[in-house]
Amino acid sequence: MFDIILIKIAIMSENLSLKIKRNVRKKKLKKFLSKYHLKNAEMKPKIDYRYNTYEGTNLLLIDELIKSHEILQDSFIMDIGSGTGLFLLYLAEKGFNNLYGIEMDNELYNTSLFNINQMSLKNKSVLNSVHIIYGNAIQEEINGNITHFYIFNSFFDEDTYLKWLLNIEKSLKKKMRKIKIILLYPTVASIGACRKCGWLKEKRRIICKTQVCYRCVNFLIYENDIG
């Protein structure tokens with residue numbers, strides 16, 4: 001009987017913890033959106049199996065990535081599937097300067113342009129620090145200055161990830177440099193693709209315990225080997 005009571009208490013504590021984490025995440029996002037009158041977006045029905053639908057990044061996770069020092073304020077960062085631009089705009093607020101994004105959904109792309117203009121009303125430097133283009137990341141030529149590629153589960157299958165990684169490899173052949181690939185929510189497909197690239201090596205995993213399901217939703221960092 002006592003064991004059953006302990007189990008019930010443990011379940012109640014876990015449920016309360018999850019509720020608190022969700023509320024903290026929502027409040028932080030709402031505060032950021034309200035500060036600059038930015039727009040977010042809802043998930044859409046999937047129309048192409050190769051690409052996952054939009055899902056905004058938890059700002060608490062971005063804080064954890066910044067604290068890890070895997071990205072620095074002068075890093076050249078590209079968000080693959082940048083959605084409404086919130087990841088880049090949040091970094092801009094934190095003093096990051098060289099921020100790039102690519103988005104293939106026209107509605108999300110237009111929302112990101114709206115958000116850049118909105119934030120620039122209070123922070124004019126955003127216009128020079130955040131650059132988002134409309135296009136498909138597996139087709140567009142990569143800016144040779146980019147050193148950090150951030151991707152939040154944008155692709156569904158391993159083959160599509162491999163096509164994207166091939167695009168990066170082509171960029172490295174034109175301009176060799178040290179790069180990092182930052183996977184948020186690493187999947188069987190994304191990890192499998194990275195492991196098939198002999199020029200990449202797994203560096204570290206970054207866990208944020210304020211994130212619900214942090215055992216799955218975390219960062220996995222890959223680097224190229226230029227030695």
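**A buried ion pair and the architecture around it**

Lysine 180 and glutamate 70 are both buried. In this predicted model, the two residues form a salt bridge in which the closest N and O atoms lie 2.7 Å apart. Lysine 180 belongs to strand β5, whereas glutamate 70 is placed in the loop between α2 and β1 (76–80), so the pair ties together parts of the chain that are 110 residues apart in sequence. The two residues also take part in a network of salt bridges that links Glu70, Lys178, Lys180, Lys203, Arg204 and Glu223.

The overall organisation of the chain provides the setting for this pair. The chain contains 7 helices and 7 strands, which follow one another along the sequence in the pattern α-α-β-α-β-α-α-β-β-α-β-α-β-β. Of the 227 residues, 49% are buried. Among contacts between residues at least 6 apart in sequence, 73% join residues at least 24 apart.

Strand β7 (residues 219–224) was examined next. All 6 of the 6 residues in β7 are buried, so the strand is largely enclosed by the rest of the structure. The side chains of Phe219, Ile221 and Glu223 point one way from β7, while those of Leu220, Tyr222 and Asn224 point the other way. Glu223, a buried residue of β7, is also a member of the salt-bridge network that includes Lys180 and Glu70. Two strands pair with β7. Strand β5 (residues 180–184) runs antiparallel to β7 and is joined to it by 5 bridges; within this pairing, leucine 184 stands opposite phenylalanine 219. Strand β6 (residues 200–206) is likewise antiparallel to β7, with 6 bridges between them, and here arginine 205 stands opposite leucine 220.

Salt bridges were then considered across the whole structure, where a search finds 12. One of them connects glutamate 93 with lysine 35, with 2.9 Å between the closest N and O atoms. This pair links distant parts of the chain, since glutamate 93 lies in helix α3 (residues 86–93) and lysine 35 in helix α1 (residues 2–36), 58 residues apart. Glutamate 93 is partly exposed, at a relative accessible area of 25%, and lysine 35 is also partly exposed, at 40%. Another salt bridge is formed by the side chains of lysine 67 and glutamate 64, with an N to O distance of 3.5 Å. Both of these residues lie in helix α2 (residues 59–67), where a separation of 3 residues corresponds to about one turn of the helix. Lysine 67 is exposed, with a relative accessible area of 56%, whereas glutamate 64 is partly exposed, with a value of 21%.

Disulfides are absent: a search of the whole structure finds 0. For cysteine 197, the closest cysteine sulfur is that of cysteine 194, and the distance of 6.4 Å is too far for a bond. Cysteine 197 is buried, with a relative accessible area of 10%. Cysteine 208 also counts as buried, at 2% relative accessibility.

The largest nonpolar core has 36 residues, and Val130 and Phe219 have the most contacts inside it. The elements that give two or more residues to this core are α1, α2, α3, α4 (106–120), β3 (130–134), β4 (148–152), β5 and β7. Helix α3 gives the most, with 7 residues. Leaving aside neighbours within four places in sequence, valine 130 is in contact with Leu88, Leu89, Ala92, Leu99 and Ile116. A second, separate core comprises 29 residues, including Met78, Ile102, Phe149 and Ile151.

Terms used
Residues numbered from 1 in each chain as written. Predicted model: local features only at pLDDT ≥ 70, side-chain atom pairs only at ≥ 80, totals over all residues. Heavy atoms only, no water. Buried < 20%, exposed > 50% of the residue type's maximum accessible area, 1.4 Å probe, protein only. Helix = DSSP H or I, 4+ residues; strand = E, 2+ residues; numbered from the N terminus. Pairing = 2+ DSSP bridges. Contact = heavy atoms within 4.5 Å. Salt bridge = Lys/Arg side-chain N within 4 Å of Asp/Glu carboxyl O. Disulfide = S-S within 2.5 Å. Core = buried A, V, L, I, M, F, W, Y, C linked by side-chain atoms within 4.5 Å.
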